[in-house]
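Dear colleague,

Please find below the structure that I am handing over to you. My findings follow directly after it.

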Amino acid sequence: MRKEIGFRVKQARENANLTQEKLAEKAGVSTSFISRLENGNALPSLDRLYMLADVLDVGLQDLLCDLFRQTDSDSSSLTNEISFYIDLMTIQEKQYFLEYVKLFHQHFSK
């Protein structure tokens with residue numbers, strides 16, 4: 001759970017074009033806390049997570065979405081795991097990944 005929340009905070013921070021230092025300053029926390037959080041070594045309180053979401057201009061649900069995913073089968077579980085990592089990618093990485101998936105699909109569809 002820590003890693004997922006940390007990844008979501010990092011993704012939101014990068015999407016907001018903020019450094020760890022700038023996010024820490026705006027949120028009133030230490031830079032080391034932001035670093036530990038993003039690396040999955042700290043778990044914020046709900047109040048602090050709400051404050052971070054506000055500073056990052058995202059919904060609390062965006063930072064906690066991984067906690068609410070339901071897995072009905074092995075396929076669903078794999079799809080959710082793939083989605084988790086895709087969500088962490090930049091637009092450019094997603095475009096590259098899409099091309100790779102298309103080629104992969106073509107290869108195995110023969």
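How many helices and how many strands does the secondary structure of the protein chain come to? The protein chain has seven helices and zero strands, where helices (H or I, at least four residues) and strands (E, at least two) are DSSP runs, numbered from the N terminus. Its pattern, read along the sequence, is α-α-α-α-α-α-α.

Before the details, a note on provenance. The model is predicted, so local features need pLDDT of at least 70 and side-chain atom pairs count only at pLDDT 80 or more, whereas totals for chains, interfaces and linings use all residues. Residues are numbered from 1 along each chain as its sequence is written, and side-chain values use heavy atoms, with hydrogens and water left out.

Overall description

The C-alpha trace of the protein chain spans about 55 × 30 × 20 Å along its principal axes. Of its 110 residues, 27% count as buried; buried means under 20% relative accessible area, exposed over 50%, and partly exposed in between (1.4 Å probe, protein chains only). Taking contact to mean heavy atoms within 4.5 Å, 54% of the contacts between residues at least 6 apart in sequence join residues at least 24 apart.

Packing of α2 and α4

Helix α2 (residues 20-27) packs with helix α4 (residues 46-56) at an angle of about 115°, and their axes are 10 Å apart. Here the axes are lines fitted to C-alpha atoms, for helices over the stretch in contact, and angles run from 0 to 180 degrees between N-to-C directions. The crossing of α2 and α4 is right-handed; by convention a crossing is left-handed if the near helix is turned anticlockwise from the far one by less than a right angle, and right-handed if clockwise. On the α2 side the contact is made by L23, K26 and A27, and on the α4 side by M51, L52, V55 and L56. By class, this contact has six nonpolar residues, no polar ones and one charged residue. In that classification Ala, Val, Leu, Ile, Met, Phe, Trp, Tyr, Cys and Pro count as nonpolar, Asp, Glu, Lys and Arg as charged, and the others, Gly among them, as polar.

Q20 is located in helix α2. Not counting residues up to four places away in sequence, Q20 touches R13, T31, I34, S35 and E38.

V29 lies in the loop between α2 and α3 (31-38). V29 is buried, with a relative accessible area of 15%, and it touches A24, I34, R48 and M51, again not counting residues up to four places away in sequence. V29 and S83 are 54 residues apart in sequence and 30 Å apart in space, C-alpha to C-alpha.

Aromatic residues

Rings of Phe, Tyr and Trp (its six-membered ring) pair if their centres lie within 6.5 Å; planes under 30 degrees apart count as stacked, over 60 as edge-to-face and the rest as tilted. By this rule there are three aromatic pairs. One of them is the edge-to-face pair of F7 and F84, at 5.6 Å centre to centre and with 65° between the planes. This pair links distant parts of the chain, as F7 is in helix α1 (residues 2-15) and F84 in helix α6 (residues 74-87), 77 residues apart. F7 is partly exposed at 29% relative accessible area, while F84 is buried at 8%. F84 also forms an edge-to-face pair with Y85, at 5.0 Å centre to centre and with 80° between the planes. Y85 is partly exposed, at 45% relative accessibility. F7, F84 and Y85 together form one aromatic cluster.

Elsewhere, R48 lies over the face of F33, at 4.9 Å from the ring centre. The criterion is that NZ of Lys or CZ of Arg is within 6 Å of the ring centre and within 35 degrees of the ring normal.

Positive phi angles

Most residues other than glycine have a negative phi. N17, in the loop between α1 and α2, has a positive phi near 55° and is exposed, with a relative accessible area of 69%. D57, in the loop between α4 and α5 (60-64), has a positive phi of about 60° and is exposed at 70% relative accessibility.

With kind regards
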